[in-house]
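Here is a short briefing to read alongside the model. Take a moment with the sequence and the fold, then work through the points below.

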Amino acid sequence: MRPVDYAPRPSHLKWLLDSDPAIRWQVMRDLTGGDAQEIAAERARVATEGWGAQLLALQFPGGHWGWGPSGWRSDLPKDDRALLITLYTLVALKDLGLDPASKQARKMIDRIEKRLVFKRLDNRPFFHGETEPCINGRILEAGCYFKEPNDALAEQLLAEQLADGGWNCEAPESRRSSFHSTICVLDGLLEYERAGRKSAAVTKARKRGEKYLLERHLFRSLRTGEIVNKRWLRFSFPPFWHYDVLRGLDYLRKAGVKPDSRASEAIEVVIERRHQNGRWPLNLVHPDHIPVAMETEVGRASRWNTLRALRVLRWYR
C-alpha cells in the first residue's frame, strides 16, 4: 500500500471552512485543532444558520417532517413515510452536530415525544423503536444523542445479533448478516455507550460487529473474497441506512478502533476516490429523503466526503 498522504493543503482547509457551520466546526475540531471555545461557538450556529436551521424550521407542529415528494415510498402508508423521514432528519441533525441541549433541539424533541407514535405497533412511542434492527439502531442512536438511552431497545438489539457477529433486518429468515443493518446497529450501540450505558455485554456485542466488518475488509465476501457490492466503493452523504466503505471507516474512527491491516484495502479505496485537486467528489445520491438538499451534484467536489475522508486518513496514519 502506498504511504498515506492525509494532510490537507491550506487551500483545502480554506475551501472546507468556507461552508456551512456544520462543516466548519467539525473541520476546526478534527483537522485544524481549533480553540475549544471557538469550536463550541461555531457549533452553536448549527441551530440558527444553514442546513441545521433549515431542517429545524421545516418540522411540522405534529413532530414530523412531512411525507416526502409525490410518489416517494408509495409502498408505505402515509404515517410510516412521515416516521421514516423523521428518523432520517434526526440522524442528519446529529451528524451536523446540533447541540442536543440547545433550546431548538429541546423544542424539536418535545414535539416528537408528545405526538409521534408507531400506530401499527399499538401506538408505541417513537423513541421506543419498531421491529427492524437497521431502523432501531438509528432510533437508538438519535434517542441517545438527543434524549436519553433506551435500555429496552438496546437489549432488543443485543438479542438480535447473529452468530457471525452482525445484524440483518431479514432475520430470522436470514441467518447471514447485512453490512447495512450492522453499521446502523453499531452506530446506535456506540452512541448508547457514549451516553453512559457502557457494559460488558454492549461492548462485547459492538466488538463482534466491528470484527464482522474487519474480517471482510469492509467490503468483501468472507466466503469468496469478492466485492459484495461495488456501490459500497462510492461515497454519499447523508448515508441514510446505506453502507459504504467511507461510512464503515468513519465508524471505526469514531469508535477508537486501532487501525490494522484489515482496513488497508478500504483505505486504498478512499485514496483512489480523491480527485487530482485533492478533494473527494459526491459519487452518488441515495433515493431516500430529508427536506433539505445539502449536496446533490454527483461528480462535483463534496465537502462532506472530503471532511470525512481526511479525518479517516488521519485516523489510519
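A polar contact here is a pair of N or O atoms within 3.5 Å, where one must be able to donate a hydrogen and the other to accept it. By that rule, the side chains of E295 and S302 are joined by a polar contact of 2.6 Å. Please keep in mind that this is a predicted model.

**The chain overall**

- The chain holds 13 helices and 2 strands.
- Its radius of gyration is 19 Å, which agrees with the value near 20 Å that a compact globule of 317 residues would have.
- Along the principal axes, the C-alpha atoms fill a box of roughly 55 × 45 × 40 Å.
- Of the 317 residues, 56% are buried.
- Looking at contacts between residues at least 6 apart in sequence, 65% join residues at least 24 apart.
- The accessible surface is about 14400 Å², and carbon and sulfur atoms account for 48% of that surface.

**Around E295**

- E295 sits in the loop between α12 (264-273) and α13 (303-316).
- Although E295 is buried, it has no salt bridge; R303, the nearest side chain of opposite charge, is 5.5 Å away, and a salt bridge would need a nitrogen and a carboxyl oxygen within 4 Å.
- What does the side chain of E295 reach at 2.8 Å? It reaches the backbone nitrogen of R303.
- Setting aside neighbours within four places in sequence, E295 is in contact with F237, L282, V285, S302, R303 and W304.

**Helix α12**

- The buried residues of α12 are A266, I267, E268, V269, V270 and I271.
- The cover over these buried residues includes α11 (245-254) and α13.

**Around N168**

- N168 belongs to the loop between α8 (151-159) and α9 (179-194).
- With a relative accessible area of 11%, N168 is buried.
- The side chains of N168 and S174 make a polar contact of 3.3 Å.
- Beyond residues up to four places away in sequence, N168 touches P133, L162, S174, R176, S177, S178 and S181.

**Salt bridges**

- Side chains of opposite charge can pair when their charged atoms come close.
- The count of salt bridges in this model comes to 29.
- One of them joins the side chains of R120 and D80, at 3.1 Å from N to O. R120 lies in the loop between β1 (117-118) and β2 (124-125) and D80 in helix α5 (residues 78-96), so this pair ties together parts that are 40 residues apart in sequence.
- D187 is buried, with a relative accessible area of 4%, while K254 is partly exposed at 26%.
- D187 and K254 also belong to a network of salt bridges that links them with K94, R138, E141, E191 and R247.
- E210 forms a salt bridge with R206, and their closest N and O atoms are 2.7 Å apart. Both residues lie in helix α10 (residues 200-215), 4 residues apart, or about one turn of the helix.
- An α-helix has 3.6 residues a turn, so residues three or four places apart point the same way.
- E210 is buried, with a relative accessible area of 4%, and R206 is buried too, at 5%.

Definitions and conventions:
Residues numbered from 1 in each chain as written. Predicted model: local features only at pLDDT ≥ 70, side-chain atom pairs only at ≥ 80, totals over all residues. Heavy atoms only, no water. Buried < 20%, exposed > 50% of the residue type's maximum accessible area, 1.4 Å probe, protein only. Contact = heavy atoms within 4.5 Å. Lys, Arg positive; Asp, Glu negative; His and termini not counted. Rg over C-alpha atoms; globule rule 2.2 N^0.38 Å. Areas by Shrake-Rupley, 256 points an atom, 1.4 Å probe, with all protein chains shown as cover.
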